[in-house]
Every structure is written in structure tokens, then in C-alpha cells.
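This briefing concerns aromatic rings, charges placed over rings, and a nonpolar surface patch. Please consult the sequence and the structure below while reading.

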Amino acid sequence: MSDIAPAEFRGDLPIEEFRRYAAQLIDWIAEYLAHPERFPVVPRVRPGDVAAQLPPAPPARGESLADVLADVERVIVPGTTHWNHPGFFAYFSISSSIPGILGELLAAALDVNAMLWKTGPAATELEQVALDWLRQLMGLGPGWFGVVNDTASISTLLALAAAREAKPALAIRARGMAGRADLPTLRVYCSAHAHSSVDKAAITLGLGHENVVKIGVDDAFRMRVDLLEQAMERDRAAGMLPLCVVATIGTTSTTSIDPVGEIAELCRSEDVWLHVDGAYGGIAAVVPELHDLMDGVHLADSLVVNPHKWLFTPVDCSAFYTRQPEVLKRAFSLVPEYLVTREQDEVVNLMDYGVQLGRRFRALKLWMVIRAFGAEGLAERIRWHVQLAQEFAGWVRDEPGWELCAPHPLSLVCFRHAPPGTSEAEREALNARVMHEVNASGEAFLSHTKLGDRYVLRLAIGNIRTDRRHVARAWELLRAATAKSPAAGPGARS
Ligand SMILES: *Cc1c(COP(=O)(O)O)cnc(C)c1O
């Protein structure tokens, strides 16, 4: 054995270093938040550029935090897509906020692992309180149990697992699904516009991708309940078992809103679990005049909304609610001896409600966001985003050669440049080029989708720092990009 290493190799860094670099980092973050447009929203890097600037092997000796932070500024920040940029309009625009950032910092410092009440009494109870507050903000009645997951994808996976456990006769928890002649094929239904996380959940649970039945939509991209009913009938006649319907409040392509109330009634009469995916759109229910987004949800079995999408809470924070926590618990609770605690029958042990054992103290940042902005502040910020989106839609509607491509009830607008006399193929090429040009500007970032055979652009507003001028600038860039277009028709000259 060699000599014992010197003391500098033991323990954490000196607390004075924490004070010094934390202050420096907080200053950097303050600058970043004060000037969120300082960096291009989409970084000008190519695949491999970031990794190529980093040593392939770890340092043998500790490096100074000054050097590490310098590399953050030199390599990491320029290779970052800035979701906090007010010109971020792609996918669903999200942002962190000051109370949310402080909550993350504190959660990292406390480093609570709230697997059991005992291992995190405050984290466990705050999770219940913060989610109950959020429920109230959305205008939902009592009777819901909530847990925080990392993402809506995991929340939906847990919902499907609970739906399966809600049919105890299937005995899948104990016996599995493979090699069982007694088991009917289990079917999951969602609209053709539902999120891919429904498919992934079915794949993960072994239900089979083919057993996710995509139901057709009406001309506003909402699930057609008559087609849902027919599909279930057909499946039952074929000896299959309808297990779960996933309805969406705010689909990813267009933010269409499925008729949850009607779907819920059908699910009730068919004895099928109803899960509602409101990952983005559901959050808008915190605006009192948008409470009706939650119409019918009181009849659902589970619901997911993502505070990390439109409630200014840093990624990750997904709120999963169920009216049947005992079923969720039956699906997942498994207590080995080393996790037995004296008070386990009196308390919520969060490990009982999902796959993971350890869990971050995510409720802290959500609670801090809700407290710092208040019900009225949150509602006003989201109301403003909806208003900006409606203004943008108005600009598109009034501009010759441009068209709106879907209803826009919330803060997402689907639209495109469609000069008269151009074919669908030309329009796709034109809009794709326009989008890439706008995104290359570094001032705005948009994404696209397909609605039927139409290639359409999506502008999503949800960033806490986005103001009218950012939306106006995106519109200016879009029009400028079409003006340059050789393929542009007469309507594109403005
Ligand atoms: C974003 C989104 C999801 C997935 O969210 P994650 O938290 O990233 O898993 C699911 N459903 C809808 C409707 C979404 O908009």
C-alpha cells in the first residue's frame, strides 16, 4: 500500500470556493436572463463540434472551477439551443423562471431522495401540497392524488400500467403476458394526433404497438367519438379487450382539444380507463376563463400536465394525477425489507406510485414558482401568450399568399406560405426553405408538422420572456424569407 493521500484529496471543495464561484455563476445567470437574446437561439454548430472541443479523457487531478466555468462559456453555451431565448417558437416553447431556477439550486443543495416519507418528509408532503394547488389553479374539483414525474411520457406510461392493473382478473402483475392463451389482446385508443409517448408506453408495457388504435379526427383535428365507439365495438366482437383511452387536451401538432366529456361517458359505460394528456394545453386551464379546457376531466381516471412546459418551471416537472391512487399503488408497490418503515401505513411513500425508487425534490421549484407568481400572475402570463398567438394568427390571415392551417385555441399557430398556383410539393419545399432560413437567422426558431399532406409551420408561444416584438420579428423574418424566394408567387412580395 502506498502512503495515505494528502488531505486535499478528501472531502468537498473548500466552502470559500463555493461562495466565490456561486456568486460568479449567479452573476452570469443574471446577465443571461437579462439579455436572453445574446446568443443565437439555434447554435451554429455541426454534429460533433462540441465533443471535438473537449478532451477525450477525464483529468487526473482536479481542475480549478475557474477553468471549468471558462469552458462552459467557451464550449457549452455556444453549443446550446437556447430554450430560454424569447425567439424560441419551436415544438412547445418553454422557459425557466427566476423562482424555478432558485428552486432547482436549492433542490440540488438539499439533495433529498424522496423515495419514502421518512427519507424526505417535507419533499413528500410538499409534492402533495403543490400538486393540490395546481389542481385548484386549473379549476379541477377535489378527489385527485398527484405525484411529480420527470416527463409526461413517464406519466402516460404509469397511466397505462394502472389501466391494466384496474382489471385484476388479468393478473398481469403476477403472471405477465407472454405465453398466456387465456389473455385477450388488450387495446389502447387515442386520436391520430395523440403524442408518440402513448405508442412508446404501449411498446414498453408489452401491449404491442399494433394495439394502439389511432382514431380518426374531425376537421378541427379532434378525436371522433363515433369512430372511437365503433373501434371498441369491432375489437370486442373480435375478442379483444378495450383497456384504455388517451384523450388529448392540446395535441402536439395543432393543440386540438378532444371532447373529453363525451369520451369519458363512453369510457364509463365501456369500463375503460380514461387518461387525459394535457402536457402542454392542460396548463392553460390556470387561466380562469380557460377552466373549460378541463370540461369532463372530472370523469377521467388520470391526467397529466407539465409545469415544465407552460408553467415556467425548469425541466423536468410533470404533474401526474389519478382519481384511483390505490390502483396505481397496486400496480407498483413492492417493499423490500430494507425499505420498511414504521409509519408506512400512515403516509404516502412516493416509491409506491411508479417504477423508480429514488426521486428528486421537484416539487420545491414548482411550489416556488406558484408562490412567486401567484394564481393571478400565472394566469396573466399565459393569457398574454394566448393573446400574442391570436395576434400573430391575425397577421397571417390578413397577408395575401399566407394561410392558417388549423384552429388555434391556445398559443400555437399552424400556418404556411401558399402562393396561388403552387402545387403541394412546391409549397412543402418553399415552407421548409423559409423555416430553415428563419432558423438560421439565430433570432427565431420555428418547427413544422404535417396535417394530412400539407407541410405546415408551427409557431408556439410559451416563453416567459417573449414579448410582442419577438413575435413581430419572427413574422418579419418569415416574410423576408419568402420575398427572396424564386418559387414565391405574386402574394409573397410584401
Ligand atoms: C410534450 C408532450 C408530451 C411529452 O412530454 P415529455 O414531458 O417530454 O415526455 C406528451 N404529450 C403531449 C400532448 C405533449 O405536448
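Which residues do ring pairs link into a cluster? The cluster consists of Phe-392, Trp-395, Trp-402, Phe-415 and Trp-475. The model is a predicted one, and its aromatic pairs come to a count of 15.

**Aromatic pairs**

- One of the pairs joins Phe-145 and Tyr-353; it is tilted, with 4.5 Å from centre to centre and 40 degrees between the planes.
- Phe-145 belongs to strand β1 (residues 145-149) and Tyr-353 to the loop between α12 (325-332) and α13 (363-398), so this pair ties together parts that are 208 residues apart in sequence.
- Phe-145 is buried, because its relative accessible area of 11% falls under 20%.
- Tyr-353 also counts as buried, at 7% relative accessibility.
- The ring centres of Trp-402 and Trp-475 are 4.9 Å apart and their planes stand at 70 degrees, so this pair is edge-to-face.
- Trp-402 lies in strand β8 (residues 402-404) and Trp-475 in helix α15 (residues 468-483), so that distant parts of the chain, 73 residues apart, are linked.
- Both Trp-402 and Trp-475 are buried.

**Charges over rings**

- Arg-323 has its charged end over the ring of Trp-144, at 5.9 Å from the ring centre.
- Arg-458 has its charged end over the ring of Phe-92, at 5.2 Å from the ring centre.

**Nonpolar surface patch**

- Ile-26, Ile-98, Leu-102 and Leu-105 make a nonpolar surface patch of about 370 Å².
- Helix α4 (residues 98-110) supplies the largest share of this patch, 3 residues.
- Leu-102 is located in helix α4 and is partly exposed, with a relative accessible area of 42%.

Notes. Residues numbered from 1 in each chain as written. Predicted model: local features only at pLDDT ≥ 70, side-chain atom pairs only at ≥ 80, totals over all residues. Heavy atoms only, no water. Patch = residues over 30% accessible without salt bridge, like charges linked within 9 Å, V, L, I, M, F, W, Y side chains within 5 Å. Areas by Shrake-Rupley, 256 points an atom, 1.4 Å probe, with all protein chains shown as cover. Salt bridge = Lys/Arg side-chain N within 4 Å of Asp/Glu carboxyl O. Helix = DSSP H or I, 4+ residues; strand = E, 2+ residues; numbered from the N terminus. Buried < 20%, exposed > 50% of the residue type's maximum accessible area, 1.4 Å probe, protein only. Phe/Tyr/Trp six-rings, centres within 6.5 Å; stacked < 30°, edge-to-face > 60°. Lys NZ or Arg CZ within 6 Å of the ring centre and 35° of its normal.
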